[in-house]
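Have the model open in your viewer and your selection tool ready. We will go from stop to stop, with a short note on what to select at each one.

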Amino acid sequence: MAAFAVDQLLAQQLGRRTDVRFVFSTQCTLDQQILASTCLRVCHEHFPQPVLARTFSQMGTAGIPTVLRLAAMHNQGPGRRELACITASDKWIAPFVRSFPNLVVHGDASAACLVGQLEEPGIARIEAIKTVLKPWHGCFWSA
């Protein structure tokens with residue numbers, strides 16, 4: 001799904017593929033087999049020689065602000081045209097269930113974006129990133 005999201009993204013950004021130097025993948029999947037690596041597949045299919053490629057797994061909702069912050073760190077300085085391709089994926093794998101009574105039904109999802117300093121206007125501008133950690137008190141599994 002992440003590779004398909006990158007396909008769709010690059011179809012809209014013709015010519016930008018060569019500007020991508022960093023590939024960051026964040027996911028909540030529990031499938032940790034090396035051949036199932038989202039980051040490796042995206043690199044293999046779209047960006048065969050990135051400067052840096054990393055997977056940030058099992059971070060829950062903290063993965064996306066983490067990779068956005070890393071992309072910003074690698075894109076500092078005037079005139080930098082290097083881009084980061086970021087993918088975010090979630091896949092529900094057995095024995096985990098997709099639905100809980102009276103709660104939302106979960107499903108598989110994936111998205112991709114290019115992050116960098118662009119000369120032309122983009123679709124969004126990140127002004128700031130703030131991450132808050134609230135420690136859990138008590139036993140999470142019995143709550």
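**Stop 1: a pair in helix α2**

Select Glu45 and Arg41: both sit in helix α2 (residues 38–46), four residues apart, which is about one turn of the helix. Helices here are DSSP runs of H or I with at least four residues, strands are runs of E with at least two, and both are numbered from the N terminus. The two side chains form a salt bridge, with their closest N and O atoms 2.7 Å apart. A salt bridge means a side-chain nitrogen of Lys or Arg within 4 Å of a carboxyl oxygen of Asp or Glu, and by this rule the count comes to one. Glu45 has 35% relative accessibility and so counts as partly exposed. On that scale, buried is under 20% relative accessible area, exposed is over 50%, and partly exposed is in between (1.4 Å probe, protein chains only).

A word on what you are looking at: this is a predicted model, in which local features need pLDDT of at least 70 and side-chain atom pairs count only at pLDDT 80 or more, while totals for chains, interfaces and linings use all residues. Residues are numbered from 1 along each chain as its sequence is written, and side-chain values use heavy atoms, with hydrogens and water left out.

**Stop 2: zoom out**

Now show the whole chain as a cartoon. Of the 143 residues, 28% are buried. Switch to a surface view: the accessible surface comes to about 10,100 Å², and carbon and sulfur atoms hold 60% of it. These areas come from the Shrake-Rupley method with a 1.4 Å probe; for residues, only the protein chains shown count as cover.

**Stop 3**

Which residues of α2 are buried? Select Thr38, Cys39, Val42, Cys43 and His46. Looking down the axis of α2, you will see these buried residues fall within an arc of 130 degrees, so they line one face of the helix. The arc is taken from the directions between the helix axis and the C-beta atoms. To see what covers the buried residues of α2, bring in elements including α1 (2–12), β1 (20–27), β2 (52–57) and β3.

Stay in α2 and pick His46. It counts as buried because its relative accessibility is 4%. The His46 side chain makes a polar contact with the side chain of Asp7 at 3.3 Å. A polar contact is a pair of N or O atoms within 3.5 Å; within protein, one must be able to donate a hydrogen and the other to accept it, and residues adjacent in sequence count only if both atoms are side-chain atoms. Leaving aside neighbours within four places in sequence, His46 is in contact (heavy atoms within 4.5 Å) with Ala3, Val6, Asp7, Leu10 and Arg17.

**Stop 4: helix α1**

Next, select the buried residues of α1: Ala2, Ala3, Ala5, Val6, Leu9 and Leu10. Down the axis of α1, they fall within an arc of 155 degrees, so they line one face of the helix. The face turned away from that buried side carries the exposed residues Phe4, Ala11 and Gln12. Cover for the buried residues of α1 includes α2, β3 and β4.

**Stop 5: Ser89 in β3**

Move to Ser89, in strand β3. Is Ser89 buried or exposed? Ser89 is buried, because its relative accessible area is 11%. Its side chain makes a polar contact of 2.9 Å with the side chain of Ser110. Not counting residues up to four places away in sequence, Ser89 touches Ala2, Thr26, Gln27, Cys28, Thr38, Ala109 and Ser110.

**Stop 6: His74 in a loop**

Go to His74, in the loop between α3 (63–73) and β3. His74 is partly exposed, with a relative accessible area of 26%. Draw a distance between the C-alpha atoms of His74 and Phe22: they are separated by 8.2 Å, although the residues are 52 apart along the chain. Beyond the neighbours within four places in sequence, the contacts of His74 are Phe22, Phe24, Leu52, Arg80 and Glu82.

**Last stop: a surface patch**

Finally, select Val97, Phe100, Leu103 and Val104, which form a nonpolar patch on the surface with about 370 Å² of accessible area together. Patches are made of residues with over 30% relative accessible area and no salt bridge, where like charges are joined within 9 Å and nonpolar side chains (Val, Leu, Ile, Met, Phe, Trp, Tyr) within 5 Å. Val104 sits in the loop between β3 (83–90) and β4 (109–115), and it is exposed, with a relative accessible area of 52%.
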